[in-house]
Amino acid sequence: MDSGRSGGLALIVGILLTVAGNLTHPRAAGGELGSGSVDTETSLIVNNLGIWYPSHVLITVSIPILLFGYVTVYRMLRDRDGRTFSVAALLSIVGWATLSFLAIIIDGFLTPLLAQNYANAAQSDKALTGAIFDYNFLLSLTFLGPAFLGYTIGISLLGASLFKTKTHHKWFGTAGIVV
């Protein structure tokens with residue numbers, strides 16, 4: 001299999017893993033995590049550890065697979081004089097991958113430990129363990145915000161580079177810009 005096909009396959013597999021991980025991720029009754037009290041959030045996590053870890057493993061594994069796919073697209077553009085925006089796109093996507101990986105590690109693997117710690121804490125320690133749990137949630141969001149921005153910029157720039165090359169249909173690039 002040539003690198004273009006393997007990169008395309010990596011993008012498809014990476015997206016499918018990301019979607020599967022996000023669809024199986026436990027949700028609070030009112031919507032997203034972070035919308036309830038610390039008691040509600042920690043009990044949701046502790047009661048759903050059987051799916052919490054697998055959903056985060058899927059998302060974590062998808063990041064390097066997607067990164068491989070995007071690097072392959074960059075290399076294809078580089079080899080075909082489509083470098084217009086591709087270097088900036090690659091840097092944005094590497095930034096996305098790094099920040100996303102940090103956020104997923106914090107949210108997927110540190111948060112359950114803190115939730116269990118809160119659930120097992122004595123009443124006198126609940127305030128402190130709850131504050132640490134809340135801080136951890138905010139820390140993961142601190143990484144996710146710039147990660148999504150970097151991903152959006154990177155995909156848009158790759159789309160613009162594909163749009164400018166004469167080797168692919170213009171709709172590939174337009175789709176990348178729109179996405």
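At what angle do α4 and α5 pack, and how far apart are their axes? The two helices pack at an angle of about 160 degrees, with axes 7 Å apart; the axes are lines fitted to C-alpha atoms over the stretch in contact, and angles run from 0 to 180 degrees between N-to-C directions. That makes α4 roughly antiparallel to α5, a label for angles over 145 degrees. Their crossing is left-handed, and by class the contact has 25 nonpolar, twelve polar and two charged residues.

A word on the model: it is predicted, with local features needing pLDDT of at least 70 and side-chain atom pairs counting only at pLDDT 80 or more, while totals for chains, interfaces and linings use all residues. Residues are numbered from 1 along each chain, and side-chain values use heavy atoms, without hydrogens and water.

Now turn to α3 (residues 49-79), whose axis comes within 11 Å of that of α5 (residues 126-164) and crosses it at roughly 30 degrees. That makes α3 roughly parallel to α5 (under 35 degrees). Tyr-70, Val-73, Met-76 and Leu-77 of α3 make the contact with α5 residues Tyr-151, Ile-155, Leu-158, Ser-161 and Leu-162, where contact means heavy atoms within 4.5 Å.

Finally, look at α2 (residues 38-47), where Val-38, Glu-41, Thr-42, Leu-44 and Ile-45 are buried, that is, under 20% relative accessible area with a 1.4 Å probe. They cover an arc of only 155 degrees around the axis, so they sit on the same side of α2. These buried residues pack against α3, α4 (86-120) and α5.

Note on methods
Helix = DSSP H or I, 4+ residues; strand = E, 2+ residues; numbered from the N terminus. Parallel < 35°, antiparallel > 145°, perpendicular 65-115°, else oblique. Buried < 20%, exposed > 50% of the residue type's maximum accessible area, 1.4 Å probe, protein only. Arc of directions from axis to C-beta. Left-handed = near helix turned anticlockwise from the far one by under 90°. Nonpolar A, V, L, I, M, F, W, Y, C, P; charged D, E, K, R; others polar.
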